[in-house]
Amino acid sequence: AAPNTNINDNLNNPTPIQISIPITNPLPINPTPNPNPNPNPNPACGKAFRDVYHLNRHRLSHSDEKPYSCPICQQRFKRKDRMSYHVRNRMCVRTAPRASR
């Protein structure tokens with residue numbers, strides 16, 4: 001007599017199949033690594049940056065130039081983003097001396 005098998009039993013409890021696929025032409029692991037991931041060094045200090053934008057922004061740290069000023073308190077800044085943060089967070093209003101009454 002044939003065993004009483006139900007097709008739903010095979011669908012609910014599938015038998016795992018293991019196969020192996022040989023790799024005939026594997027890709028080399030990083031065949032030519034970039035020796036310097038930051039190719040933009042600063043000649044003044046040697047610090048390297050991934051792009052020219054960050055290099056130019058860093059160069060300001062080596063100069064005494066402060067081209068940006070707060071429109072409220074006239075404090076000067078080397079970088080526009082630093083001045084904008086100062087104004088946006090009302091740093092000059094918090095630190096300004098109060099007028100005597």
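A residue is called buried here when its relative accessible area is under 20%, exposed when that area is over 50%, and partly exposed in between (1.4 Å probe, protein chains only). The model is predicted, so to speak of local features a pLDDT of at least 70 is needed, side-chain atom pairs count only at pLDDT 80 or more, and totals for chains, interfaces and linings use all residues. Residues are numbered from 1 along each chain as its sequence is written, and side-chain values use heavy atoms, with hydrogens and water left out.

A search of the whole structure returned two salt bridges, a salt bridge being a side-chain nitrogen of Lys or Arg within 4 Å of a carboxyl oxygen of Asp or Glu. One of them joins Asp 81 to Arg 79, with an N to O distance of 2.5 Å. Arg 79 is buried at 17% relative accessibility, whereas Asp 81 is partly exposed at 37%. Arg 50 and Asp 51 also form a salt bridge, their closest N and O atoms lying 3.8 Å apart. Here Arg 50 is exposed, at 60% relative accessible area, and Asp 51 is partly exposed, at 27%.

The cysteines tell another story. With a disulfide taken as a pair of cysteine sulfur atoms within 2.5 Å, the structure holds zero disulfides. For Cys 70, the closest cysteine sulfur is that of Cys 73, and the 3.7 Å between them is too far for a bond. Cys 92 is likewise in no disulfide, its nearest cysteine sulfur, in Cys 70, being 3.7 Å away. Cys 70 is buried at 1% relative accessibility, and Cys 92 is buried at 4%.
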